[in-house]
Amino acid sequence: MAAALPLPVRLKLDQTLAQWRHWQCGRPLEGPPQFVAPLAAGHSNHSVLVGDSRQFVVRIDGVDPAAHGINRQAEWLALQDAHAAGLAPRPCYFNPDLATLVCEYLQPDEEQRQEPGQVAALLRGIHGLPLRHSRLDLRQRIRRYEHQLASPGASLPRALAGTRDRVLERLSRVTARDHPRSMCHNDLLRGN
């Protein structure tokens, strides 16, 4: 089954599993977790379900985080805070050299109803987490994405170019206000 993974991903998975004694899982593991199944890949990573008597997700970077403005060290620290606050599964292992992260597996809900009160409570919990040095600069992020989307000698796709000025104008209005800083998830996809 693991053979279905691209070779670089499979090698990083094998190396991460070999480090199982270093995983911080609350109760120590009795042996190395085994490959269970690939999970749906994200835009910037591969996720693999592994387990022994418990299950874990191994996330392996599929892109260069720095090139996309992603700070995995800050994310690791934020995940620890989110777990301590009861908002996220336990992060167990982080290896920046392998570009891998291991967290306890949280079984998905059979039905994910979006209750506004629960979503609001979750967002308040995230916003209440300790601040990190790493800050999202939306203007810089937009410029990075524009640069990545434009091939040499080409301009932005018409659909994006038509909204650029409005987005930057609204961003200027928002950033001109003195808002209190807070932790933000920044990847609120339905699955997250």
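User: What is the relative accessible area of E75, and how is E75 classed?
Analyst: E75 has a relative accessible area of 24% and is therefore partly exposed. Buried means under 20% relative accessible area, exposed means over 50%, and partly exposed lies in between (1.4 Å probe, protein chains only).

User: What kind of model is this, and how are residues numbered?
Analyst: It is a predicted model, in which local features need pLDDT of at least 70 and side-chain atom pairs count only at pLDDT 80 or more, while totals for chains, interfaces and linings use all residues. Residues are numbered from 1 along each chain as its sequence is written, and side-chain values use heavy atoms, with hydrogens and water left out.

User: Back to E75. Which residue does its side chain meet in a salt bridge?
Analyst: The side chain of E75 forms a salt bridge with that of R59, at 2.8 Å from N to O. The two partners sit in distant parts of the chain, R59 in strand β3 and E75 in helix α2 (residues 72–84), 16 residues apart. A salt bridge here is a side-chain nitrogen of Lys or Arg within 4 Å of a carboxyl oxygen of Asp or Glu. Helices (H or I, at least four residues) and strands (E, at least two) are DSSP runs, numbered from the N terminus.

User: Is R59 buried or exposed?
Analyst: R59 counts as buried, because its relative accessibility is 14%.

User: How many salt bridges are there, and why can such side chains pair at all?
Analyst: The count comes to 4 salt bridges. Side chains of opposite charge can pair when their charged atoms come close.

User: Which residue pairs with D61?
Analyst: D61 forms a salt bridge with R72, and their closest N and O atoms are 2.7 Å apart. D61 belongs to strand β3 and R72 to helix α2, so this pair ties together parts that are 11 residues apart in sequence. Both D61 and R72 are buried. Furthermore, R59, D61, R72 and E75 are linked in a network of salt bridges.

User: And R90, what does its side chain meet?
Analyst: The side chain of R90 meets that of E104 in a salt bridge of 3.3 Å, N to O. R90, at 26% relative accessibility, is partly exposed, and E104, at 25%, is partly exposed.

User: New topic: how many aromatic pairs does a search of the whole structure find?
Analyst: The search finds 3 aromatic pairs. In one of them, the ring centres of W23 and F56 are 5.4 Å apart and the planes are at 75 degrees, so the pair is edge-to-face. Rings of Phe, Tyr and Trp (its six-membered ring) pair if their centres lie within 6.5 Å; planes under 30 degrees apart are stacked, over 60 edge-to-face and the rest tilted.

User: Where in the chain are W23 and F56?
Analyst: W23 lies in the loop between α1 (7–18) and β1 (34–39), and F56 lies in strand β3 (residues 55–61), so the pair ties together parts that are 33 residues apart in sequence. W23 and F56 are both buried, and together with Y93 they form one aromatic cluster.

User: Which residues of α1 are buried, and which are exposed?
Analyst: In α1, V9, L13, T16 and L17 are buried. Seen down the axis of α1, these buried residues fall within an arc of 95 degrees, so they line one face of the helix; the arc is that of the directions from the helix axis to the C-beta atoms. P8 and A18, on the other side of α1, are exposed.

User: What do the buried residues of α1 pack against?
Analyst: They pack against β1, β2 (45–51), β3, β4 and β5, where contact means heavy atoms within 4.5 Å.

User: Which residues are buried in α2, and what do they pack against?
Analyst: The buried residues of α2 are R72, A74, W76, A78, L79, D81 and A82. They pack against β3, β4 and β5.
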